[in-house]
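Reader: I am new to this structure. Please take me through its features one at a time.

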Amino acid sequence: MKRIVILISGRGSNMEAIVQASAHEAWPARVVAVISNRPQAAGLAFAQAHGISVAVVDHQAHADRPAFDQALADAIDQHQPHLVVLAGFMRVLGDAFVRHYEGRLLNIHPSLLPAFPGLHTHRRALEAGCKVAGATVHFVTSELDHGPVVMQAVVPVLPKDDERSLAARVLVAEHLIYPRAVRWFVEGSLCLQAGVVRQLEGQPQFLLAQPSGSVLATG
Ligand code: GRF
């Protein structure tokens, strides 16, 4: 049984999607801990209610980034995870932290990377007049929102969209691709070579929304 630790900062809906999928699809893995850098993170209650160990490593209680990163790594390593999943975790992690989890640290970013790394992705996509937007699951490297792409989802940008409606459409797609990518990892069906990730069974590593933006289909 593989052990997964999920890091959150807030709502935790991606974490929920992963916990639900792991249970319903009988993965050879379970989420052993959910750790937040914010004591008030709403997602902690869901994890607790599902019998998952929860912890808070408050970034404000640490003098600097290296001290926070070390405390976070200590909290994570207690669970000896095979995989660490960043799910709406809103702190930048330092090089030493990233190196420590190299090859077993995944993130989701609500844009079609390498476009729009960083904050306010939906606003920036709208301002740029993009006709599609989406989300990317990737292995984490020391460059922010950068790293080998595991899976991407593409959704349309509709003429009446504002930041909120676009974020909501992208989030539906996030909840589909993140559990799938995590499942592939724990099943051992991802191969990372020369910065490129392949799904060894040839399953599509993208997901396209229908033009209406509502129903999503792969392949
Ligand atoms: C998601 O859109 C994620 O991609 C971004 O922040 C949001 C977190 O949502 N980094 P949640 O906490 O998973 O509900």
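Author: Start with the shell around the ligand, which divides into three nonpolar, four polar and two charged residues. Here Ala, Val, Leu, Ile, Met, Phe, Trp, Tyr, Cys and Pro count as nonpolar, Asp, Glu, Lys and Arg as charged, and the others, Gly among them, as polar. This is a predicted model, in which local features need pLDDT of at least 70 and side-chain atom pairs count only at pLDDT 80 or more, while totals for chains, interfaces and linings use all residues. Residues are numbered from 1 along each chain as its sequence is written, and side-chain values use heavy atoms, with hydrogens and water left out.

Reader: Which residues are around the ligand?

Author: A residue is near a molecule if one of its heavy atoms lies within 4 Å of it. In this model the residues around the ligand are Arg11, Gly12, Ser13, Asn14, Gly88, Ile108, Pro110, Leu171 and Glu174.

Reader: Which elements give two or more residues to the shell around the ligand, and where does the ligand sit?

Author: A molecule sits in a pocket if more than half of its atoms lie within 2 Å of the pocket's grid points. A pocket is an open set of points on a 1 Å grid over the protein atoms alone, where a 1.4 Å probe fits, with protein on both sides within 12 Å along at least five of seven lines. The ligand sits in the largest pocket. Helix H1 (13-24) and helix H6 (163-187) each give two or more residues to the shell; helices are DSSP runs of H or I with at least four residues, strands are runs of E with at least two, and both are numbered from the N terminus.

Reader: Is Gln199 buried or exposed?

Author: Buried means under 20% relative accessible area, exposed over 50%, and partly exposed in between (1.4 Å probe, protein chains only). Gln199 counts as buried because its relative accessibility is 5%. Gln199 belongs to strand S9 (residues 196-199), and its side chain reaches the backbone nitrogen of Gln203 at 3.1 Å.

Methods. 1 Å grid on protein atoms, 1.4 Å probe; cavity = no way out; pocket = protein on both sides within 12 Å on 5 of 7 lines; lining within 4 Å. Polar contact = N/O pair within 3.5 Å; in protein donor to acceptor, adjacent residues only side chain to side chain.
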